[in-house]
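Subject: Structure handover

Hello,

Here is the structure you asked for. My notes follow below it.

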Amino acid sequence: MSTDFFEQQDVARRRTGWLVFFFLLAVAATVLAVYLVVAILVAAAQAEGQAGAEIESLWNPPLFLGVTLGVVSIILLGSLYRIAQFSTGGEAVALLLGGRRIDPQSRDLAERRLLNVVEEMAIASGVPVPPVYVLDAETSINAFAAGHQPGDAVIGVSRGCLEYLTRDELQGVMAHEFSHILNGDMRLDLRLAGTVFGILMLAVLGYYMLRIAGRMPQSNRKQGGGVALGLFLLGLALVLIGYIGVFFGKLIKAAVSRQREYLADSAAVQFTRFPGGIAGALKKIGGLPERSRIRDAHAEEVSHMFFSDAFEGMLLNFFATHPPLVKRIRRLDPTFDGRFPVVVPLREMGLAEADTGRVAAADQEAAQIREFLATPLDQRRRRARRLSPAQAISEAGTPKAAQLFYASSLMAAMPKALAEAAHEPYLARALICALLLSRDLAVRQTQLDALAKQAEPRLYQDIVRLAALTDQLGEEARVPLVDATYPVLRMLSPRQYAAFRQHVETLVEADDRIDLFEYMIRVMLLRNLDVHFGRTRPPIRRYSAITPLVGPLGTVLSTLAYAGHETQEDAERAFSQATAALGRGVPLLPKQDCTLTALDKALAELAQAAPKLQRIILAACVASIAADGKVAVRENELLRVVAGILGSPVPPIPLSELGATTATN
Amino acid sequence: MEIAIGIAVIVVVLLVLVLFIVGIYNTLITSRNRYKNAFSQIDVQLKRRNDLIPNLVETAKGYMKHERQTLEAVVQARNVNAAALQQAAQAPGERQAMAALGSAEAQLAGALGRLFAVFEAYPDLKANQNMLALQEELTSTENKIAFARQAYNDAVMQYNNQRETFPNVVVASMFGFQEANLFEIEEPKEREAPQVKF
């Protein structure tokens, strides 16, 4: 009984409900605790004035109201502040922990290896390649993924990962993190970190008060001394109460995020088809003296985001954020005897052993992939594969080992000039522009003329030069190349991005006959980058019912139907098949109403649909584009781009299907 | 009773103040990291360019047997540049380091310019395949350097602007945020009169 990608996302969303519930519980408990302390203090102060008087009832409504307002506003302020800080995306978490961004052109072997592993995984999952940060100060083995959605995700690793883990083990850890990226866990984690901060803050505040009280003069015992003492006691109380907050914080995290670690582990195995990788990493964590401990002061706030426990052996570990290490290993490797290996830095073992990566795919699949990639373009028959909506859904968000092998083979086969351009900010701009040039020569000329007026001559020359190479690429290579450029495009300054964006828009608007595929690439690319550069916010999933989305759905499905079929009749048939499953009347738009701007708006609306709706939408898109249940490479890639925009990334072609040579020429 | 309310008010005010200061601090840290990261892009490209030069000089030496001075000037300038780069990488944005790097760049640009001017007299060298490839790579790397410089300077300006507005400037001086310096290439001083060859 495997839950699919959409169900996972729904589960993640539901957990948000638990988060809110426990958080409110924690706030209530904290308010009561603070009130109790304050009331006792007040009663003691009053009793002091009247020697021998009885202590009155502790219940004092105005005081209670005051305390409640004070505590709640403090907690709310703190949480809102942190949530706002994290609203810019995963980068905020990486910087909070002192992360250093790994340069995409780094020549350090260990860093290069990690970048390659992350790039392969992202391409295999159908998501933009996330930037990678390293926590230089952390010598343990640990990693995290942070962000709201795949488009603004970042990956972080500790220094220990680079020093101790082999390529397979790195891949296992990264596969685990990618499962969090794909399942919607990341967004929940970010909310959790922001929310819990409010409760943790009380302890910090109490600590500051202790310090201030310690510095106040104690000469006037009657007047000044009383205040200092009161401040000191209140500070102490806040610290103790604050640890209630820490306790509840851990409880919340355990309730919300612990169980899914097993799921992420098994998803990693599915992805890499090699349990030894992730198991090996876990074993090394066990064998290292500091295990996976993170020393940074902010570790507590984000402890649930890490691959393994950021704290070890503390009393409050009853609410550990992760399952016990031995249990995790045993699930992956039943033969594990409980003894951890001695961990040695890779440097001392010789790099040859460290760099061997396993071929994940089964032999037959690997052979088919190689054969497909090696066939020259003009000799490839227009291979098509059978694609049913049900199949597309099962593939969304759940990449397999074959895709991983495909991704690494694809990047290895990429012409060197293109691969280099994709990893460097200056040329990456030219590469994207080259990919947006139409195959139709007349349209291309219009595009180039429009661009020549705008772009600097050197950039223009680079675009033309790279276009000569990209023209030789198969359809399947374009989207992965775009995915690979994300990390460097995010490194542009805002001014440079604005200029680049203008070039992209010029290319797309140069001629109304721009191909749908090129247009969709532009939508996907700019939408993700716009979020990073602060021009738009990430989409909020607010639609739970299909009714408000009928209009946008009609636009998208009509456009896809026309894109996938030659004749009007075929398009109509596909469209009605697609909408039949929706159970309501959706009109087919006339061809001239399917404009690109209308499509853009419609997709923006659909991207805000809840995961369970996404499943229906994606199925309808597949039915609309597939002619008689078959898609060619180009249509498959178009579908992947649409799915990416909707937030349900679909991995590249399952190539076992392509082996069936049904030529549709 | 009054004391309790008084303390509560103090606490809340204190908290708001602390959060405000921490917010500004975080903003400055982020901006600073951004320009430091941007500098590492320059670092990568400058290193690449500097690595090309020994090969360039070797190839040219075979043809230009009487231009020792010009060639040596290039090698010298390249070494100065590499040293300045290393210094700047330790302290990106620091005034001395950036100024030293800027003048090193100018010096190297000048030396290379004179070298390429002399090339005109050596048609065999100009046609040499290896030399053509190297020149192409050099040009392309220079483009990337210019681009990286632009990104760095943009990031520095953003940081400086944020640092100088009120009330950020108060927090900045509290925590010792220094002004960052742009990467500017100064005009080289005239070191020698150009040689005329008949």
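B:P167 sits in the loop between α5 and α6 (168–175) of chain B. A cis peptide bond joins B:F166 to B:P167, with omega about 5°. Helices here are DSSP runs of H or I with at least four residues, strands are runs of E with at least two, and both are numbered from the N terminus.

This is a predicted model, in which local features need pLDDT of at least 70, side-chain atom pairs count only at pLDDT 80 or more, and totals for chains, interfaces and linings use all residues. Residues are numbered from 1 along each chain as its sequence is written, chains are lettered from A and ligands numbered from 1 in the order in which they are written, and side-chain values use heavy atoms, with hydrogens and water left out.

Chain A overall

Chain A has 28 helices and seven strands. Of its 665 residues, 59% are buried. Buried means under 20% relative accessible area, exposed means over 50%, and partly exposed lies in between (1.4 Å probe, protein chains only). The accessible surface of chain A is about 27,300 Å², and carbon and sulfur atoms hold 58% of that. Areas come from the Shrake-Rupley method with a 1.4 Å probe; for residues, only the protein chains shown count as cover.

Backbone and surface

Two residues to check have positive phi without being glycine. A:R273 has phi near 55° and lies in the loop between α9 (260–272) and α10 (275–287) of chain A. A:R291 has phi near 50° and lies in the loop between α10 and α11 (325–332) of chain A. A:R273 is partly exposed at 44% relative accessibility. A:R291 is partly exposed at 23%.

A:L229, A:F232, A:L233, A:L236 and A:L240 make a nonpolar surface patch of about 450 Å². Patch residues have over 30% relative accessible area and no salt bridge; like charges are joined within 9 Å, nonpolar side chains (Val, Leu, Ile, Met, Phe, Trp, Tyr) within 5 Å. A:L240 lies in helix α8 (residues 224–257) of chain A. A:L240 is exposed because its relative accessible area is 56%.

Salt bridges

What is the count over all chains? The structure holds 35 salt bridges. The criterion is a Lys or Arg side-chain nitrogen within 4 Å of an Asp or Glu carboxyl oxygen.

- A:D471 pairs with A:R444, closest N and O atoms 2.9 Å apart. A:D471 is in the loop between α19 (457–470) and α20 (478–489), A:R444 in helix α18 (residues 441–454), 27 residues apart. A:R444 is buried at 13%.
- B:R49 pairs with B:E105 at 2.4 Å, N to O. B:R49 is in helix α1 of chain B and B:E105 in helix α3 (residues 95–119), 56 residues apart. Both are buried.
- A:R501, A:E505, A:R522, A:R527, A:D530 and A:D600 are linked in a salt-bridge network.

Interface

The contact (heavy atoms within 4.5 Å) takes 27 residues from chain B and 32 residues from chain A. The buried area is about 2,800 Å², with 64% from carbon and sulfur atoms. That is the accessible area (1.4 Å probe) that two parts lose on being put together, summed over both. There are four salt bridges between the chains. A:R495 and B:D154 meet in a salt bridge at 2.8 Å, N to O. On the side of chain B that touches chain A, α1 (2–63) and α5 (129–164) give two or more residues. The largest share, 20 residues, comes from α1(B).

Best wishes
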